[in-house]
Amino acid sequence: MKRVYVNEEWCLGCHLCEYQCAFANSGETDMVKALKGVKINPRIQVEEGDGVNFAVQCRHCEEPLCVKGCISGALSIKDGVIHLDENKCVGCYTCVLMCPYGAIMPGNGTAVQKCELCLNNSCGEPACVKGCPNAAIVYEER
Amino acid sequence: MGNNGINYIHPEFEVVRDQDKCIACRVCERQCANEVHYMDEDGVMRADNSKCVNCHRCVSLCPTGALKIVKSDHTFRPNGNWTPQIITELYRQAGSGGVLLSSMGNPTNLPVYWDRLLLNASQVTNPSIDPLREPMETVTFLGKKPKEIVRDEEGNIVNNQTPQIRLNTPIMFSAMSYGSISYNAHASLARAATELGICYNTGEGGLHEDFYQYGPNTIVQVASGRFGVHKAYLEAGCAVEIKIGQGAKPGIGGHLPGAKIVGDISRTRMIPEGSDAISPAPHHDIYSIEDLRQLVYSLKEATEYNKPVIVKIAAVHNVAAIASGVARSGADIIAIDGFRGGTGAAPTRIRDNVGIPIELALASVDSRLREEGIRDNVSVVVGGSIRSAADVVKAIALGADACYIGTAACLAMGCHLCRSCQEGKCNWGIATQRPELVKRLNPNIGSQRLVNLVNAWTHEIKEIMGGMGINSIESLRGNRLMLRGVGLNQKELEILGIKYAGE
């Protein structure tokens, strides 16, 4: 299955992926309208320090702890992608605690949010990959 | 002492930010090595215009297109003689007492002869060729061409060809040293040259051990500093280039500051860390053509006569006579670099005032070598601002065998010609050694963009040749009847050896 991977060798720590993510999931068609004056809460987050940067988002693990821990069945694996059903989520944050990567976080308007590879938003392909200026984030089979 | 708290220099550029569009993502701030952009205490993005070199890194990465850079319209009292540039440079020197430094090629408004040459095409009386339907040959061999056919006792042809460089298209990446440009820039050039079946050139900084694998597409350079020259280095490439001069700074040497001689660069150049890399102005063992001949043959001897030797000279007043000497020195290829040629750092006055246009130099060298019957002794490669496929075609029609592109290659890798290479803070990861900046040039992207550029130019060369009814680059070479001049005087036409449009 194609997943989003980060080559930290090429990550510049520019944080553009975070803004592309926030825009892609905003439902807006204009980035300025979507993000002007907004404190973004992206599903991908750049870790940085000591000259090493890399972006982290849901790894779509084959044996995901978040799905295992979900008490309401809101998290499931659909064609390899870990999918969140907001209607079933009760907001217990077990998944937030379980994820070793910190890739599930409280959302804006929903209890939690996570990367679903932009398959369910208007972008249609991972916006972070498309917008990375140095091909540090890739969407590929490994 | 020189400034006394007075700022004589008004910023040349202004950063214009559309605050309606700015989402304060701080990409501009993170990406500017000159520290132009910053966020104030109210969370609003601001810019310090005085630090901006107009490299467009921020403009290119701004996700909402909120930025543009404009030239300041601040003015001195208009004066046709004392231009703002002259006044500002004078102030700078009165403050510093130093030689002005510049980078990349001569930007002054001197004539660009390529733009005054027009190409021919076939109409009615001879057919043009469609390169998409019919074969079109751009393969080029560089090196000495045999004068006669030699046969053995049985009448079979004896191969008396000396070593050649084979190029799929008559374009090479010109010499840019590891040190002046980054590891990733070298990696991009090496990988692109290999994929394209052309050559790149190490410049005078030696060859990084990681790049020996690209040897068949590498020209290794021997310059006056002899940095990084050893037997394995000479044997690594497909040809050896002796650099006598370069178009941006004919007659002077180079100086890579000790601060840049770190780690791999120190090892590759074979000089201690922190020591200045000083290339003397002349080769101290070459004061004549006879001396040059000795170095040419020393290098041939060292490489067992398996590699062609290139001698690179800057286009200066006597270029035709010098080229004639070089052609008799045993060199296989002469590379001529015009006055627009680029550099990582040169004294401004030298860059902008020394040397002659490559178009005139090429025409006079080609004519001189033909007159003397020694044109086949050497191939002629020209560089110094070849900007497009049309320039390549015009150069070949004037008599060049191939072209070197340096600035164009840098542009393909992201360079925006801000001409600040000497600062070592290249925001595009090309002319810098700072690791956080070097990584901005991902060689996967850089090499692909170079491959795209050369492929695009090759398509255009074929298209233009097809229009002329020519199906092989060999038939275009030195074919000056394919050129006509506009806006040129009689003397210029004479030197270029072409007719005026309409003739």
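## A tour of the chain B sheet and the A–B contact

Begin by selecting Ile333(B) and then Ser379(B), its bridge partner in strand 20 of chain B; helices (H or I, at least four residues) and strands (E, at least two) are DSSP runs numbered from the N terminus. This is a predicted model, in which local features need pLDDT of at least 70 and side-chain atom pairs count only at pLDDT 80 or more, whereas totals for chains, interfaces and linings use all residues. Residues are numbered from 1 along each chain as its sequence is written, and chains are lettered from A and ligands numbered from 1 in the order in which they are written.

Now widen the selection to strand 18 (residues 333-337) of chain B, which pairs with strand 20 of chain B in the parallel sense over five bridges; two strands pair if DSSP finds at least two bridges between them. From strand 20 of chain B, the chain passes through helix 11 (residues 389-398) of chain B to strand 21 of chain B in a right-handed β-α-β crossover, meaning that, with the strands pointing away from the viewer, the path from the first strand over the helix to the second runs clockwise.

Select residues 379-383 of chain B, which make up strand 20, and residues 402-405 of chain B, which make up strand 21: these run parallel and are joined by two bridges, and Val382(B) has Cys403(B) as its bridge partner in strand 21 of chain B. Is strand 20 of chain B buried on one face or on both? Ser379(B), Val381(B) and Gly383(B) are buried on one side, and Val380(B) and Val382(B) are buried on the other, where buried means that 20 or more other C-beta atoms, placed from the backbone, lie within 10 Å of the residue's own.

Next, show the whole open sheet of eight strands in chain B, whose order is 11-21-20-18-17-14-13-12 with parallel pairing. Strand 11 (171-173) and strand 12 (200-201) of chain B stand at the edges with a single partner strand each, so one side of each has no neighbour in the sheet.

Finally, turn to the contact between the chains, which takes 17 residues from chain A and 16 residues from chain B; residues are in contact if their C-beta atoms, placed from the backbone, lie within 7 Å. On the side of chain A that touches chain B, helix 1 (16-24) and helix 2 (31-35) of chain A each supply at least two residues, and helix 2 of chain A gives the most, with three residues.

Notes:
Contact = placed C-beta atoms within 7 Å. Buried ≥ 20, exposed ≤ 12 C-beta atoms within 10 Å, placed from the backbone.
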